Amino acid sequence: MNAQELLQQIADYCRHSGLAESTFGRRAVNDGKLTARLRNGGRITTETLDRIRDFMDSNQGAPARAAVIERAREARPTVPAAPPAPVPITGQRDPQRNFRFFDNRQKYLLFVSTCSEKWVVASRVALELANVHPRPPALRVFDAGVGDGTVLLRVMRAMHDRFPTTPFYLVGKEISLEDVRLALQKMSDRFFEHPATVLVLTNLAYADAPWLAVKSLSAASSMVWHEVPLVGNSAYRFEQQITDLVPFLSQNWKAGVSPKTGNPAYERPVVLVLYRADHKFLLDPIIPRPGGTVANYDLVIASQPYRARASLEFKAKRVITPLAKALGAGGRLIAIHSHGHDPGIDIIRRVWPGDNPFIHDRHQIMKAVKHELGQAGRDLNFNAYADNRSLFRYDMHTLPSEISDQSIGTSTLFAAWNAAIYVAQVEDDRLAEAVADGRYLDATREVLREHGGLWFYDESYVISRRRE
């Protein structure tokens, strides 16, 4: 029996008996962290395994007793509960409709194809490679939001140029099925040019993805771990095998919307591991195994990892802090988010006066991360840098003749409006109100003429761990 099978049995028992994971561990083997150790790759002796089995076998009546108690409770006379008060519809936002903006595929893909952000971000990330000093057995990189794969693709090219013979271990987090498909379609050439590559894609949360292990026992027992050794030695053959993964992705890479936050959440945790079969012997030390792996990343890319309008606590606690903890000695985390103070926000404020989606700057976020890390952040350096190094600009692609005093093409106006609302992450219900009267096109036209184009600013900051 392997660890996954044992975890599945424990999960089934806990679900039927109503026991918590820690309670099961204490009662079975006097170890409240038993399941956590198993999920993280821990091993147990045959004696401990026998004790676990004996406990479950000797307590098979527990679920039945729980059912009897439940039936007794149901038999008690109860006072009918008052009907719930109707929920007012006015002003309520349905998370299923007002989902996180950048998961709307059409708007996202239009932004990616009409603006240079992905190219500029990749160039900024590539600059960090000069400060990266990988240690055997591989250069380890974590991408905290793969998106359509453009940034990761360009960074991998820069990595190969600087480290042409170093094995690469790359883990990318992405919850969107369409993004995973697009990212994978870009990777066949990477496996051809740099054969010593292990690429891992997962939909796990930020707190779990760097380690490829989930803390919840029920989620761990349902995890889908799929390993794909790519056969052949040409980009064409690799592309064919990657394309063959589409049915697997469609079946397993599913996401819903959290009723509490409105953010996407996976239905089942998935880990997809790809590498070249003819390099498996060389890559064996870095190919991850089920049950979790070490993080110790040399480079962590966090490009737009959180909503601009999210709370400061969420950005620091749920996103940047776990990524900082995943850094190895000498590792560097580069985070990038929208800054505002550009023509894009001018468009937004002409439609929604006073709106400010960019409520936290890099200084506030790093201060909150320091507080969240506490003593665990003693060996980390927080680099905000001056504006001339932290801020960088990207543009919407337009021909000089497209923007003139006479007229601006409708497609250019729509592309500019889409880019502005994408960057500002405007919710769908507000968009519906704005587009009803057409004023958004007038505002977009005015800004484009005033500035002679459209551009945006991102700001970056770096958290690095001291070298040993």
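Student: How does H6 pass H19, in a left-handed or a right-handed crossing?
Tutor: H6 passes H19 in a left-handed crossing. Keep in mind that this is a predicted model.

Student: Why is a crossing called left-handed?
Tutor: The near helix has to be turned anticlockwise from the far one by less than a right angle. H6 and H19 cross in that left-handed sense.

Student: What makes H6 roughly perpendicular to H19?
Tutor: Their axes cross at roughly 110 degrees and come within 9 Å. Angles of 65 to 115 degrees count as roughly perpendicular, so H6 is roughly perpendicular to H19.

Student: Which residues meet where H6 and H19 touch?
Tutor: From H6 come Lys107, Tyr108, Leu110, Phe111 and Thr114. From H19 come Ala415, Asn418, Ala419, Ile421, Tyr422 and Val423. The residues of this contact divide into 8 nonpolar, 2 polar and 1 charged.

Student: Which residues of H6 are buried?
Tutor: H6 spans residues 105-114, and its buried residues are Arg105, Lys107, Tyr108, Phe111, Val112 and Thr114. They pack against helices H7, H9, H19 and H20, and against strand E11.

Student: Why is Asn252 called buried?
Tutor: Its relative accessible area is 9%. Buried means under 20%, so Asn252 qualifies. Asn252 lies in helix H13, residues 246-252.

Student: What does Asn252 touch, not counting residues up to four places away in sequence?
Tutor: Asn252 touches Val224, Arg268 and Val270.

Student: And what makes His363 partly exposed?
Tutor: His363 has a relative accessible area of 43%. Buried would need under 20% and exposed over 50%, so His363 is partly exposed. His363 is placed in helix H17, residues 362-373.

Student: How far apart are His363 and Tyr461?
Tutor: In sequence, 98 residues; in space, 8.7 Å from C-alpha to C-alpha.

Student: What about the protein chain as a whole: how many helices and strands are there?
Tutor: The chain has 21 helices and 12 strands. Of its 468 residues, 51% count as buried.

Student: What share of the contacts with a separation of 6 or more comes from residues 24 or more positions apart?
Tutor: Such residues account for 82% of those contacts.

How values were computed. Residues numbered from 1 in each chain as written. Predicted model: local features only at pLDDT ≥ 70, side-chain atom pairs only at ≥ 80, totals over all residues. Heavy atoms only, no water. Helix = DSSP H or I, 4+ residues; strand = E, 2+ residues; numbered from the N terminus. Buried < 20%, exposed > 50% of the residue type's maximum accessible area, 1.4 Å probe, protein only. Contact = heavy atoms within 4.5 Å. Axes fitted to C-alpha atoms, helices over the stretch in contact; angles between N-to-C directions. Parallel < 35°, antiparallel > 145°, perpendicular 65-115°, else oblique. Nonpolar A, V, L, I, M, F, W, Y, C, P; charged D, E, K, R; others polar.
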